[in-house]
Amino acid sequence: MAAEATHEILSSRSNRDVKAPLNASIPSGDQSVWADVSSLLTLACEDLCDGELIHGVNFNLFAAMSALEIMDPKMDSGIVSAYYSVDEAIENGAAPIPLSFDKTIDIQRTIDIMDHVIACEATWHRGHSLAQTVFSCIYLLRPDRTSSHALLHSYCRVVRATCNLVVSAVSETRTNEEEDLFTITYGLQLKAEGDEKCLSILHAVEETISRQFRACKAPTSKKRVLEDIEPLQTNPDLEEGFCKALLCRLRFRKHFYHVLISMRRPQGKGLELARKHITYCLSELDSMLKLGEFLRLNNSYGTIVDGIENQTTASGCQPIGFDPTLNSRLSAPTPPRAIKLLSWRKAIEYFQKLLYDLHILCFCSLDSALEMVMHFVVEFQKLHPDLVARSYLQLLLVQDGKIFGRDPIFAVICKAALLPDVAKNHAIQTNEAVVQLCQLLINLLRILCTNAAWQRRKLGKVLQEWRIIYMQLEISFTHEFGDISSSSNGENLNMKICNHILIWVEEQTYWIASRFLMLGFELDLYSPSEYCMVYWYIYFVLVKLADKTHFKVMSSNDNSTRRGKKKRDSLKHLAKNYQIPAEVQLLQCQIYLAKGLTTMLAALRNEYNFFQNQGPFNSEYERFNQHFELLQKAGLPDQLAYFSFKDAADQARLSALSLHNCFKDAQRIARDLRTTFSNDPDKLAEVQKIEQVAEHNVVALNLIRRLGTLDPSLKVLFEFSYHPYFASAVVRRS
C-alpha cells in the first residue's frame, strides 16, 4: 500500500458508509484483543516512500496486488458515490417528477433523457456494466414514480423490457464470457411488474402525440375541429418539431423491441417480420439524426456540453436523472470500471450497425446443409458483428439441439458426409461416440459465433477433441460392426455409414485447423518474418483438407455409381464422377498460393536477407512452437516438425521453376472456376481474389529477377490488399 493511502486508512472510515467513530466500543470474541495501531501506522508513513509496501508474513506481493487501496476512486467503490442510495438521490431532487413546470422545458428534458439512455444502452452493449450505464438512470430504477408522466413512463418501460430481452439472449448463448459484466445485474431488478405491457402503454402515448402532430400540421379550417387537443408545449412554432422528435424516438423503441421478439421465434419463422421492423428502425434513426440540429438550436434550459464526442444528447445538454456512481457500491468488492459513455451520434451509429447485422441474419437461407451454414457464419463474422448480433446468430443456428430448430444434428452430419437419406434414421445415432460427435458439432457452431480472438483460442483447444472422437468412433464402429477397412464399401449400409462419418470427421478436423491458422492473419498474430513458416504449415493443412474432401466426394460417387442398373451407364458416370470437384479445385488454388508464398519468402530470406528473424527474444524454433503448439499436440498433420520446415526453407531459390509455376497454376485454375461459381457470389469473389494475388506475385517475381541481387535499394513488402489471408508481393525502391 502506498504511503499516502496508508496515512488515510483511519480517517477514511468517517467518509465511507460506516460513520461510527474509531474509538467506539467494538464487540470482540473471547480470544480477540483490539489494540490502537495509530502510532505504528504513523511511523510506517514516515518511513515508507511512494510505491513501497509493508511486507508481512501472510501478506505477499500477490495479496498486495489484489488489495483495495482505500480512498482511490477506482478501487474503493464506497468513496465515489454522490448519494448513499436511490431514495437519497430522489430526496435531493436528482430525478424530479414533473421534470419542469415549464412544459417546453419538460419536453426538452424528456428528449434528453431518451437520448442519454440510448448512449448508455450502446455503451452497455459494448461490454460495460449494466448497473453503471443503463441503470444509472434513476427513473429506470424507480419505474412507478414515472406513472404520472406518461411519456417518460412508457419509454422507461420499453427500455427495461428491451434490456431484459438482450440479457436473456446473451445469457442463453453464453457469449457473455467475452464481456464478463454484460449479464450481471448486481441485484438490480431488471424486470418490474408491468413491463410486459410496455407496448400497449407505448402505443397509447404514441397515438396521443400523433394526434397532436396531425393537429399542428392541419390547415386552419381543420384546426378548429382539433382545438380540444392539448399541445405538448407552449411555443406553437416548435410544436411540429418536438412532435417529430418524440415520435421517432418512441417508434424506434417500439420497432426495436419487435425486432428482438421476432428474431427469437422458433425455426426462423419471425425473420421476415423482423426485416420489416428493422427497416422501420433504420428510418426512425435517420429521422433522429436529421432533427438533431432542430433540438440543438431550440434548447432553452441548459448549457451545451463542449465537443461532439462528449455530447450524449442531440441537444448537447446534460440530462437530469442520471448518476453513474449511484450503483458502484453494488459492484464491491470488485473495483468499478471507469466508463466513458459513447456520444449520442456514436450510439446511433452503433444501433445502425447492429440493425444492419441483424438484417443480414434475417436473410439466412435456413438450409441445413452444413457447408452452407458454416460458410454463412464465416462470411457474417467478416462484418465484425458485436456481441448482441452474434448472440442472435447463435440462437438462430442452434435451437433445442437442432440446426435452425428443425433438423437433428445427426441428419445434418449424414447430409454433410454425403450419405443417403435413409441413413438419417439409422440406429447408429444412439451410439455413445456418435452422440458425442453431435455435441462436438453443436459446440463448433457456437464457437464460430464468438469474436475472432475467442474463436481462435477455442478452435485450437477443440482440435484435440476432434482427433480423439475420431479414434473413439473408429474403435466403437469396429467393436460393433467388425473391421471397417476390410469391408466392401457400398454393399453394407452399416459399413458405408461408418466409413463416411469417419472421412467427414477427418475433413472437418482439417477445416478447423485451417480456420485456426487463417484467423491468425485477421488478428495480426504473425509478423512478416513468420509468414514463411505460417504458409508452409497452411500448405500441408490444406493438402490434407483437399485430400479428405476429394475422398469424401469420390466415395459418395462410387456408391451412387454402383446403384446404376446398366454397365454402359455406369462407365459413363464413372468417367464423369472422377473429375475433380469444384470445391477441391478451389482448395488447390489456395494450396498453390501457400506453396508459392512459402518458397518465395524463403528464397528472399536466403538470397536477399529479407524477413530474417530479428530480435533478442524468441528464436525461430520457439516461434514455430508457439504458433503451432495446439496443432502439433493434435497431430495435425502427422510428423510435421520445425526441422522439416527448416530443411525445405534453406533450399528455396528464386530461380526455381516450380515457384513461378505455383502462382501461374493458381491463376489458371481460378480462371477456369469463374464459370463454375458464376451463380455463387461469395465463391466467385474468392476466386477473383486468388487470381489477383497470383497475378501480382508473378509480376513481382519477374521484377525481382530482372533487377537482380546487386541492387541494394530493392525492398519487397507483402500486403493483404487483395486477399485477407494470402499476401501480395510489392517491390519498391527505398
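This is a predicted model: local features need pLDDT of at least 70, side-chain atom pairs count only at pLDDT 80 or more; totals for chains, interfaces and linings use all residues.
**Cavities, a pocket and some backbone details**

User: Which element gives the most to the lining of the largest cavity?
Analyst: That is α6, which contributes three residues to the lining of the largest cavity. A cavity is a set of points on a 1 Å grid over the protein atoms alone where a 1.4 Å probe fits but cannot get out, and lining residues have an atom within 4 Å of a point. Helices (H or I, at least four residues) and strands (E, at least two) are DSSP runs, numbered from the N terminus.

User: Which residues line the largest cavity?
Analyst: Its lining consists of Gln108, Ile111, Asp112, Phe242, Phe294, Leu295, Asn298, Asn299, Tyr301 and Ser315. Two or more of the residues in this lining come from each of α6 and α13 (292-297).

User: And what lines the second largest cavity?
Analyst: The second largest cavity holds about 40 Å³ of space. Around it are Pro528, Ser529, Tyr531, Cys532, Leu601, Ala602, Arg605 and Phe611. Both α21 and α23 give two or more residues to this lining. The largest share, three residues, belongs to α23.

User: What about pockets? Which residues lie nearest the centre of the largest pocket?
Analyst: They are Glu371, Met374, His375, Trp511 and Lys683, which belong to a lining of 44 residues. A pocket is an open set of points with protein on both sides within 12 Å along at least five of seven lines. The largest pocket has a volume of about 1,400 Å³.

User: Which helix gives the most to that lining?
Analyst: α15 gives the most to the lining of the largest pocket, namely nine residues. The elements that each supply at least two residues to this lining are α15 (370-381), α17 (409-416), α20 (493-522), α21 (531-562), α23 (582-608) and α27 (681-707).

User: New topic: the backbone. Where is the peptide bond from Ile97 to Pro98, and is it cis or trans?
Analyst: The bond from Ile97 to Pro98 is cis, with omega near 0°. Pro98 sits in the loop between α5 (86-91) and α6 (103-125). Leu636 and Pro637 are also joined by a cis peptide bond, with omega about -25°. Pro637 lies in the loop between α24 (620-633) and α25 (642-650).

User: What is the phi of Asp400?
Analyst: Asp400 has a positive phi of about 55°, although it is not a glycine. This residue is in the loop between β1 (398-399) and β2 (402-403).

User: Is Asp400 buried or exposed?
Analyst: Asp400 is exposed, with a relative accessible area of 76%. Buried means under 20% relative accessible area, exposed over 50%, and partly exposed in between (1.4 Å probe, protein chains only).

User: And Asp524: where is it, and is it buried or exposed?
Analyst: Asp524 is found in the loop between α20 and α21. Its phi is near 55°, a positive value in a residue other than glycine. Asp524 counts as exposed, at 65% relative accessibility.

Definitions and conventions: Residues are numbered from 1 along each chain as its sequence is written. Side-chain values use heavy atoms; hydrogens and water are left out. Grid points are joined across faces, edges and corners, and a volume is the space filled by probe spheres set on the points.
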